[in-house]
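Dear colleague,

Please find below the structure that I am handing over to you, together with its sequence. My notes on selected parts of the structure follow it.

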Amino acid sequence: MPPTLASLVQHSALKLTVRAGEDRLDLPVRWVHASELVDPVPYMEGGELLLVTATNLDAADPDAMRRYVRRLVGAGIAGIGFAIGVHYDDVPDALVEAARSEGLPLLEVPRRTPFIAIGKAVSEAIAADQYRAVTDGFEAQRDLTRAALAEGPGELLARLAAHVDGWAALYDPSGSVIAAEPPWAARRAARLGEAAARLAQRRPHTSSVVGGPDVEGGGVDDRVELQTLGSGRRAGGVLAVGTAGAPGTAARYAVHSAIALLTLTTERSRSLRAAEQRLGAAVLRMLLSGQSEHARTVAGDLYGALLDAPFRLLIAEAEDTSGEPSGDSPLDLLAEALETAATRAGEPVLVVPDGEGRLVVIAVDGGAAAALCAGYADRQAKEAGVVTGLSAPAGPIATGTAYKQAEQALSVARRRGRALVEHEDLADGSLLPLLADDAVRAFADGMLRALREHDAKGRGDLVDSLRAWLSRHGQWDAAAADLGVHRHTLRYRMRRVEEILGRSLDDPDVRMELWLALKTTAGLSSPASGATPAPRG
């Protein structure tokens, strides 16, 4: 602790006597300043013990002393030391009363105590306090290093919380809490997840303070300092340290040590992640080439559990990100989010860039990473330009099939303008939305143009007749009834359709193409009957 007025009063060699402000002797003394100026305030910073002999002061004038003391209180000084036996044999009553009225500590300095002795006592106490802080800081550094090497980030946070007499938490770049110590701090840490995520988007070596009685925001009572971790272009995580007030020197040493150790851990994790990706790429190549047993052997403990359960294969691609710095692309963020979700759930996940600007992911079916895909797509991927396709559940032997399914789903997602499409969804509903693009519409328009031109000249209703006949599966009576015409009239119209198109309606391929053309040009609407044409014969 820094020296206080109480410690100076208790100093046996100084022989100081308290004349006012007895209840404020716990104030720290940041320095000692001697001045005989009538107004020394411009030359002070606050926290000083001001030593005077009243050479230029009318210390017996109550009004002058009230003004003098008020200025000193406004400057935030710790107290006044008044030397007796120089100009006054005793501390003037006017000064004593003014100090008592303002609550300013006033110490009587005996004639035999030189001011320099007080200054040396304060200086020595400050130096001793700084030495203790540095010593404690180095001890904290050694303690945190041992914890990090022996136990990992969790124990490091526990030791850090003890050293700062508060709590500590570690976040991933998305703002999710990885660990918090003591355990009761997890809820407080979770309330700061959004603030941590915002800070993680900035460069490393940045910090912010939230919460606390004199700091806005944060939603917590503690003073919480958030500090980014990492040495690259993007933060690898965020450290939060919650304390009752601003940390002292020793606590600051501990925080800085924790930041350095966690940054090393983050960078080491990135190197391990790169090595895991290379191994994962080899496993994926083996699975796609049908060498599932070899893949299982290579996967070992890292990915082996993933191949023992049904999994899904995801392929994601993003808009052109060639101008973005490494680690900042939407696919990098998606990979990070998937790996974080899987790690927190204790599940294996294989994440591999395929070298063609796409990301291939194999995740446990129904697991955290697979479940995150839909949520990520809904919340972030649309803005980031990420498009994803997800296969049906598969096993190691069927990895090639799963890859094709994911590619098909990705193609449909791209065509539909959706962030995520699952292959299982492609079998639901109608085939027609899959054909809704300009090329298909152009084909449909070309196929039906001659019939529409015929009808536009008022020479019949060939298009509507064709639609009715196809919707009734070629049943003449039913289709004629729908149109309100005689069946012979309908037969005549169908012969005209064949003549104009130069194609036979007995051909099931022709009937199928005509039906799809009618549906496409009608804006994907269905006839009232809701029927679907079936080939005849």
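I begin with a glycine in a loop: Gly 357 is located between strands β12 (349-353) and β13 (358-364). Please bear in mind throughout that the model is a predicted one. Leaving aside residues up to four places away in sequence, Gly 357 is in contact with Ala 316, Glu 317, Ala 318 and Leu 331. For one of these, Ala 318, the C-alpha atom lies 7.5 Å from that of Gly 357, although the two residues are 39 residues apart along the chain.

Asn 56 is classed as partly exposed because its relative accessible area is 49%, and the exposed class begins only over 50%. When residues up to four places away in sequence are not counted, Asn 56 touches Glu 36 and Val 38. In the case of Glu 36, the side chain of Asn 56 reaches the backbone oxygen at 3.1 Å. The C-alpha atom of Asn 56 is also separated by 9.8 Å from that of Ser 35, a residue 21 residues away along the chain.

Strand β3 also belongs to an open sheet of 5 strands, arranged in the order β1-β5-β4-β3-β2 with mixed pairing. Its edges are formed by β1 (17-20) and β2 (31-34), each of which pairs on one side only. From one strand to the next, the twist averages 30°. Strands β2 and β3 run parallel and are joined by 4 bridges; within this pair, Trp 31 stands opposite Glu 48 of β3. Helix α3 (residues 93-102) packs on the sheet, where it touches β1, β4 (79-83) and β5 (106-109). The direction of α3 makes about 75° with that of β1.

Finally, I turn to helix α16, which comprises residues 487-501. Which residues of α16 are buried? They are Leu 490, Arg 493, Met 494, Val 497 and Leu 501. These residues cover an arc of only 100° around the axis, and therefore lie on the same side of α16. In an α-helix there are 3.6 residues a turn, so residues three or four places apart point the same way. Just after α16, Gly 502 adopts a positive phi of about 70°.

With kind regards

Conventions. Residues are numbered from 1 along each chain as its sequence is written. This is a predicted model: local features need pLDDT of at least 70, side-chain atom pairs count only at pLDDT 80 or more; totals for chains, interfaces and linings use all residues. Side-chain values use heavy atoms; hydrogens and water are left out. Buried means under 20% relative accessible area, exposed over 50%, partly exposed in between (1.4 Å probe, protein chains only). Contact means heavy atoms within 4.5 Å. A polar contact is a pair of N or O atoms within 3.5 Å; within protein, one must be able to donate a hydrogen and the other to accept it, and residues adjacent in sequence count only if both atoms are side-chain atoms. Helices (H or I, at least four residues) and strands (E, at least two) are DSSP runs, numbered from the N terminus. The expected span of a helix is 1.5 Å times one less than its number of residues. The arc is that of the directions from the helix axis to the C-beta atoms. Two strands pair if DSSP finds at least two bridges between them. Axes are lines fitted to C-alpha atoms, for helices over the stretch in contact, and angles run from 0 to 180 degrees between N-to-C directions.
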